[in-house]
Amino acid sequence: MDFATALQIADSAIRLATPLLLACLAGLFSERAGIFDIGLEGKMLAAAFMSAAVAAVTGNVWLGLGAGILASLSLSAIHGVASITFRGNQLISGVALNFLASGMTVLIAQTWFGQGGRTPSLIGGGRFTSIELPFAEALRDVPIFGPIYYEVISGHSILVYVALLCVPLTWWVLFRTRFGLRLRAVGENPAAVDTAGVSVIGMRYTAVAICGILCGIAGAYLSTALAAGFVKEMTAGRGYIALAALIFAKWRPWYALSATLLFGLLEAVANRYQNIDMPSWLAITVLLVMAAGLVWGGRKGRLDMAVLGGLAAILAAVSVAIWMGSTISEGTTGLPVQLMQALPYILTVVILAGFVGRATPPRAGGEPYVKER
């Protein structure tokens, strides 16, 4: 792999990691306050549709962004009422929102535009364009640093830089402000917060609203910056991946940045190298290491059913190795497209099973608070 290719992969990784980062930070605020939110996927999907639809009709991407945030906030309000006011099951509420968004976005898109659940392609002012940072062109020919600054750091849309700035902002809000202290306390011991005279319900609704805003930005980015319009199920499981990254990050902002960049990098590699030739022994070694990581993690008790998953991974690795054996004599083998596409998810399970350790969520997470009389 040459230097230019590495720069292109890094640039793609940042773009692909941006919606994951925003959704991960959204879940971080919500879960730190004790509200589990599996509905990140649905909020992103609704925001992606509304932002693309409004941007297509008005030709103004900023109006589209606002509409996407409002759509996400609407679903957040439903989740808040169901799980905070009526003390319903937070997981079921989140799953219901995902189903609702999945069906309603396609239905409304077909009714409005009649393009099979799609919105018209966005052009001109209907999309977020890339921004060239100061001195990017002047520094382009500087060895090493110049290409990195020009290709990787500069040239992204404004929402990418907003997402990156949200990381230190989230850290400061959660760990350096009174609001953040109260928010974290609500997720750990809501009764103590209530005794101190702070509204537990108010803090949790605030956290849910922040979650909705960040999911709205993430969804708008998908349809107005990363792509040029809305298509059916365009979130493609990113909300669930963001939840996995949140566990991987152990509910900490800077770790969330690292986790989502890892996901973005793996997806960028999978997209660019869907058919890659590598030494057969290297491919077999990678698969066996994955299987060993699953088994080791299961023995340590770091992931439920990891032993069974590890055994299944070993069997799969052996079968793939046998298939690869037919080309070992040639020294290289072509990895299947499906394996490359599954690589981010496989490595995620391996990392969570063997190298992260036990991730402990906020103690009051998922539990409705009942005020003592």
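**Exercise 1. Describe how helix 6 and helix 9 pack, giving the angle and the axis separation.**

Solution. Helix 6 and helix 9 pack at an angle of about 150°, with their axes 11 Å apart. Axes are lines fitted to C-alpha atoms, for helices over the stretch in contact, and angles run from 0 to 180 degrees between N-to-C directions. Helix 6 is therefore roughly antiparallel to helix 9, a term for angles over 145 degrees. The crossing of helix 6 past helix 9 is left-handed, meaning that the near helix is turned anticlockwise from the far one by less than a right angle. Helices are DSSP runs (H or I, at least four residues), numbered from the N terminus.

The model is predicted: local features need pLDDT of at least 70, side-chain atom pairs count only at pLDDT 80 or more, and totals for chains, interfaces and linings use all residues. Residues are numbered from 1 along each chain as its sequence is written, and side-chain values use heavy atoms, with hydrogens and water left out.

**Exercise 2. Which residues of helix 6 and helix 9 meet?**

Solution. From helix 6 come L159, V160 and C166; from helix 9 come L214, I217, A220 and Y221. The residues of this contact divide into seven nonpolar, no polar and no charged. Nonpolar here covers Ala, Val, Leu, Ile, Met, Phe, Trp, Tyr, Cys and Pro; Asp, Glu, Lys and Arg are charged, and the others, Gly among them, are polar.

**Exercise 3. Locate S157 and state whether S157 is buried or exposed.**

Solution. S157 is in the loop between helix 5 (145-153) and helix 6 (158-176). With a relative accessible area of 6%, S157 is buried (buried is under 20%, exposed over 50%, partly exposed in between; 1.4 Å probe, protein chains only). Leaving aside neighbours within four places in sequence, S157 is in contact (heavy atoms within 4.5 Å) with F128, T129, S130, I131, Y221 and A225.

**Exercise 4. What is the phi of K250, and what is that of W251?**

Solution. Most residues other than glycine have a negative phi. Phi of K250 is near 55°, and W251 has a positive phi of about 60°. K250 is partly exposed at 33% relative accessible area, whereas W251 is buried at 5%.

**Exercise 5. Where is E367, and which residues does E367 contact?**

Solution. E367 is in the segment after helix 14 (337-354). E367 is partly exposed, with a relative accessible area of 48%. Beyond neighbours within four places in sequence, E367 is in contact with G34, Q90 and R204. P190 is 177 residues from E367 in sequence and 10.0 Å away in space, C-alpha to C-alpha.

Note on methods
Helix = DSSP H or I, 4+ residues; strand = E, 2+ residues; numbered from the N terminus. Parallel < 35°, antiparallel > 145°, perpendicular 65-115°, else oblique.
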